[in-house]
Amino acid sequence: MSSGSSLQRGPIEKESYYHGFLPREDVKTVLKSNGEFLIRISEPRKGEPRSFILSVMHNIPPSVDEEAWVKHFVIKFQDNKFYIEKNAFPTIQEMVDYHLRTKDSVRDDVCLLKSLPRQTWELDHENIEIVRKLGEGAFGEVMMGKLKFRKGGKTVNVAIKQAKLSNLTKDQIKEFMGEARVMRQFNHPHVVRFYGVAATTEPLYMVMELASNGALDSYLKKNPDLSLDKKNEMILQAAWGLEYLHGKPVIHRDIAARNCLYGDNRVKISDFGLTRHGVSYQADPNKKAPIRWLATEVIRQRIFSLKTDVWAYAVMSWEIYNNGVEPYPGMMVAEVAQRVIGGYRMDLPVDLHPEIKNLIGKCWAENEHERPSMADVSSELQRITLIQRPDFASLEAQMKKELMMMNNSHKSHNRKSKPSKARMPKGM
Ligand SMILES: Nc1ncnc2c1ncn2[C@@H]1O[C@H](COP(=O)(O)OP(=O)(O)OP(=O)(O)O)[C@@H](O)[C@H]1O
């Protein structure tokens with residue numbers, strides 16, 4: 001797709017107000033004031049060519065309908081000219097310049113007042129270097145690479161999830177960008193850090209912190225001799241991460257060792273493809289689900305809640321104590337569902353501290369009201385492990401110090417960029 005003969009101005013992709021494949025759901029969250037606008041590319045629809053879209057914030061207030069706040073105009077291309085309604089221009093940039101200069105409306109009373117530059121998390125492909133393959137993900141290959149920060153020029157090692165739009169369905173693209181939207185709000189030492197997405201061209205890149213030891217399940221399989229203390233530390237770190245997420249509140253919905261990472265001696269919660277904002281979520285009962293990690297109410301009715309994450313956390317703790325073995329070994333999925341509903345629970349190691357055993361037992365209680373919150377789990381674990389190993393206290397102090405440092409750098413970073421609006425996108 002070309003933006004026309006804009007030789008002096010270069011391609012539209014070079015304009016700071018060009019946001020590439022930024023989906024509608026994200027547009028709502030970034031435009032802030034009446035007349036603020038951006039240019040993006042339409043989401044792919046089978047059989048239809050993609051077009052450029054002008055998205056403009058309009059009508060806040062008086063409209064209370066959030067959907068009406070942003071107007072989206074398809075920019076048509078005919079006889080080598082771009083137009084929306086009235087005037088045609090040789091380039092999109094000239095169209096934008098004209099409307100900004102004259103305040104002539106685009107349509108009805110919608111005017112362009114201010115362009116919205118790409119956000120700090122909207123990364124440029126040219127600042128990302130792919131180095132080698134790490135693994136295979138749901139959207140394509142996951143790569144190790146380097147990210148050069150726009151400001152300051154510092155370079156960090158990162159993990160990059162790639163997505164080739166031509167290989168994905170519209171739902172998958174939504175899921176990819178939705179995962180990035182969810183991750184943007186997190187800042188915790190035990191949740192994988194999100195750097196941003198590069199979406200101005202294909203393939204899309206989701207850039208995040210590199211966990212040096214990769215997925216937790218494979219790390220556990222490769223290191224079967226980890227001490228019980230180390231494993232206690234791992235379940236405590238995972239509890240801190242999940243407690244933080246629940247404080248937002250979000251339901252992760254896919255807590256499992258395969259969806260956590262391990263690096264720098266830390267468990268990091270990752271994989272937010274199924275995460276939903278809120279405290280309960282009714283999922284489609286016809287969709288496939290990872291039965292081995294599901295609470296009984298999810299198996300029966302697909303109702304997810306913070307307490308169904310607590311159940312999955314108990315199963316993940318079992319995985320950690322059993323070196324990454326698949327839960328309910330030797331059982332088929334149908335048998336797992338039937339037996340778990342019937343009250344069966346897996347055995348925990350005999351040498352595990354009885355209070356930890358008891359705590360995990362409560363996490364997969366049949367009655368969700370009998371399951372502790374993640375805040376209770378982490379404070380209980382801290383109390384129990386502290387008695388056994390006094391240096392767990394310093395572990396907590398270290399985690400809190402890191403959290404404080406991350407929050408401070410996050411705050412100063414946000415002060416430099418635009419203040420974000422306390423508005424949560426719908427359908428997260
Ligand atoms: N941040 C990271 N640091 C190091 N390795 C990573 C990172 N993210 C992913 N990987 C590696 O890439 C593999 C695939 O990633 P991941 O499972 O997260 O992809 P996905 O798209 O979420 O797929 P799925 O939905 O099937 O889990 C992981 O098993 C892990 O080995």
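How do the residues of the lining of the largest cavity divide into nonpolar, polar and charged? I will come to that after a word on the model.

This is a predicted model, in which local features need pLDDT of at least 70 and side-chain atom pairs count only at pLDDT 80 or more, while totals for chains, interfaces and linings use all residues. Residues are numbered from 1 along each chain as its sequence is written, and side-chain values use heavy atoms, with hydrogens and water left out.

Cavities first. Rolling a probe the size of a water molecule over the atoms shows where empty space is left. Here a cavity is a set of points, on a 1 Å grid over the protein atoms alone, where a 1.4 Å probe fits but cannot get out; lining residues have an atom within 4 Å of a point. Grid points are joined across faces, edges and corners, and a volume is the space filled by probe spheres set on the points.

The structure has four cavities of 30 Å³ or more. About 70 Å³ is the volume of the largest. To answer the opening question, its lining has eight nonpolar residues, one polar and three charged. In that count Ala, Val, Leu, Ile, Met, Phe, Trp, Tyr, Cys and Pro are nonpolar, Asp, Glu, Lys and Arg are charged, and the others, Gly among them, are polar. The lining includes Arg-253, Asp-254, Trp-293, Phe-304 and Asp-309. Helix α7 (residues 306-321) gives the largest share of this lining, three residues. Helices (H or I, at least four residues) and strands (E, at least two) are DSSP runs, numbered from the N terminus.

The second largest cavity has a volume of about 60 Å³. Among its lining residues are Glu-85, Lys-86, Phe-89, Met-95 and His-99, and by class this lining has four nonpolar, three polar and two charged residues.

Now the ligand. It is surrounded by 18 residues, the closest being Ala-138, Lys-161, Glu-209, Ala-211 and Asp-271; a residue is counted if one of its heavy atoms lies within 4 Å. By class, this shell holds 10 nonpolar, four polar and four charged residues. Strands β7 (128-136), β9 (155-163) and β11 (204-209) each supply at least two residues of the shell, and β7 gives the most, with three. Domain 2 (125-210) and domain 3 (215-385) each contribute at least three residues to the shell, with bounds from an automatic or database domain assignment.

Lys-161 has a polar side-chain atom 2.9 Å from a ligand oxygen atom. The protein buries 77% of the 610 Å² that the ligand exposes when taken alone, with areas from the Shrake-Rupley method and a 1.4 Å probe.

Last, the backbone. Most residues other than glycine have a negative phi, and most peptide bonds are trans. Glu-202 and Pro-203 are joined by a cis peptide bond, omega about -10°, and Pro-203 lies in the loop between β10 (194-198) and β11. Lys-248 to Pro-249 is also cis, with omega near 0°. Asp-108 has a positive phi, near 50°, in the loop between α2 (92-102) and β6 (114-115).

Conventions
On a 1 Å grid over the protein atoms alone, a cavity is a set of points where a 1.4 Å probe fits but cannot get out, and a pocket is an open set with protein on both sides within 12 Å along at least five of seven lines; lining residues have an atom within 4 Å of a point. A polar contact is a pair of N or O atoms within 3.5 Å; within protein, one must be able to donate a hydrogen and the other to accept it, and residues adjacent in sequence count only if both atoms are side-chain atoms.
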